[in-house]
Amino acid sequence: MGFVFDTDGFDKVMEGLRENYRIYAPVRKTGEGRFTDTDVIRYDFVDTLDQIELDERSDYSFKEILMPLSETMFFFTEDEIKEAGFDDRPVIVLARSCDIHGLKRLDQIYTGNGPNDDWFYERRKDKVKFALIGCGEACANSFCVDMGSNRTDDYIFSIDQIDGKIYSDVKDEDLVPVFEKAAESQGEVAPRYVTEAEFRVERPEEVPSKIFTDGMWDEYTKRCINCGRCNFVCPTCTCFTIQDLFYTDNGKVGERRRVNASCMVDGYTDVAGGLQFRKKNGERMRFKVLHKVYDFRKRFGYDMCVGCGRCDTVCPEYISFSNCVNKLNARVKELEADGDER
């Protein structure tokens with residue numbers, strides 16, 4: 001069911017939603033960007049429409065609501081273990097189509113990746129519903145069209161701001177009264193979605209084993225500084241490490257945390273004996289790229305990357321992930337033309 005609002009009317013909708021939900025949306029943080037006098041768009045809890053950034057993609061994804069950067073799992077003493085609590089109030093997350101597709105990837109890893117679901121992820125996910133922010137045009141550096149994440153029907157309601165009016169398509173029938181009460185008018189509403197993107201990506205269906213030692217990755221050994229920014233802004237990166245924090249010298253009282261990790265930074269592949277599987281940054285780039293556009297698909301049937309373009313935007317060395325995927329595809333074709341498909 002579709003509704004049209006003026007800004008005051010949609011604020012009334014948000015007021016009604018806040019009776020049962022906290023609203024988590026992209027917010028422009030003035031002057032808090034990476035450089036002097038620049039802004040950053042991050043997710044935060046909001047109360048009114050004017051706090052929400054609807055025109056530009058957020059610099060960071062929504063995933064911190066489901067995967068906190070640092071999360072205490074449990075506390076321990078010599079005699080007992082106690083689960084850490086969490087804020088279990090229901091949340092509505094406003095996200096663009098690519099991010100909602102990213103949620104499917106998070107679910108796949110945490111709840112569809114083996115015999116046991118991740119309880120710490122699942123308990124938060126059960127409290128979260130997603131609303132769609134429509135996209136009138138492609139975001140900077142995005143290639144969502146080629147990744148098939150440019151549109152979705154998986155939302156409780158949509159929001160598009162056009163010429164000062166708010167258009168919403170409401171799918172959750174329980175929310176219809178809240179929207180209906182404040183609406184200026186009703187009718188058919190379809191959320192906007194991107195049909196053309198500036199950046200185009202072609203990924204290989206198969207890759208030969210020789211690509212793992214190919215010289216194409218040497219470029220990234222020289223350029224990449226293994227800062228991990230690409231992983232931390234990505235809506236589909238899920239890796240974490242476990243850390244124990246001890247309150248006493250004997251190590252018998254403390255807490256266990258899981259903390260976001262990155263396949264691009266030092267220490268990720270460290271193992272006992274001081275060995276490290278991927279020392280070079282080019283090797284790490286190879287691992288990340290193939291996981292995003294090949295390995296994940298081989299296992300689950302669809303690509304991990306959703307083409308949001310955040311990794312391109314945030315990289316301090318101006319490394320383009322989309323260009324890297326296209327280079328990978330071109331190199332695979334060269335190897336196939338040479339008859340080397342091993």
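Analyst: Tyr110 and Tyr121 are both buried. In this predicted model, the total is 16 aromatic pairs. Tyr110 and Tyr121 make up one of them, a stacked pair with 4.6 Å from centre to centre and 10 degrees between the planes. The pair joins distant parts of the chain, since Tyr110 belongs to helix H2 and Tyr121 to helix H3 (residues 119-125), 11 residues apart.

Helix H2 covers residues 97-111 and spans 21 Å from its first C-alpha to its last, close to the 21 Å expected for its 15 residues at 1.5 Å a residue. Of these 15 residues, 13 are buried, so H2 is largely enclosed by the rest of the structure.

A second stacked pair consists of Phe143 and Phe321, with 6.5 Å centre to centre and 20 degrees between the planes. Here the partners are 178 residues apart: Phe143 lies in the loop between strand E7 (128-133) and helix H4 (144-147), and Phe321 in helix H10 (residues 321-337). Phe143 is buried, at a relative accessible area of 1%, and Phe321 is likewise buried, at 4%.

Elsewhere, ring pairs connect Phe3, Phe5, Phe10, Phe157 and Phe179 into a cluster. Charged side chains also meet rings: Lys104 lies over the face of Tyr302, 4.2 Å from the ring centre, and Arg151 over the face of Tyr193, at 3.8 Å.

Phe75, in strand E4 (residues 70-76), is partly exposed, with a relative accessible area of 33%.

Conventions. Residues numbered from 1 in each chain as written. Predicted model: local features only at pLDDT ≥ 70, side-chain atom pairs only at ≥ 80, totals over all residues. Heavy atoms only, no water. Helix = DSSP H or I, 4+ residues; strand = E, 2+ residues; numbered from the N terminus. Buried < 20%, exposed > 50% of the residue type's maximum accessible area, 1.4 Å probe, protein only. Expected span 1.5 Å × (residues − 1). Phe/Tyr/Trp six-rings, centres within 6.5 Å; stacked < 30°, edge-to-face > 60°. Lys NZ or Arg CZ within 6 Å of the ring centre and 35° of its normal.
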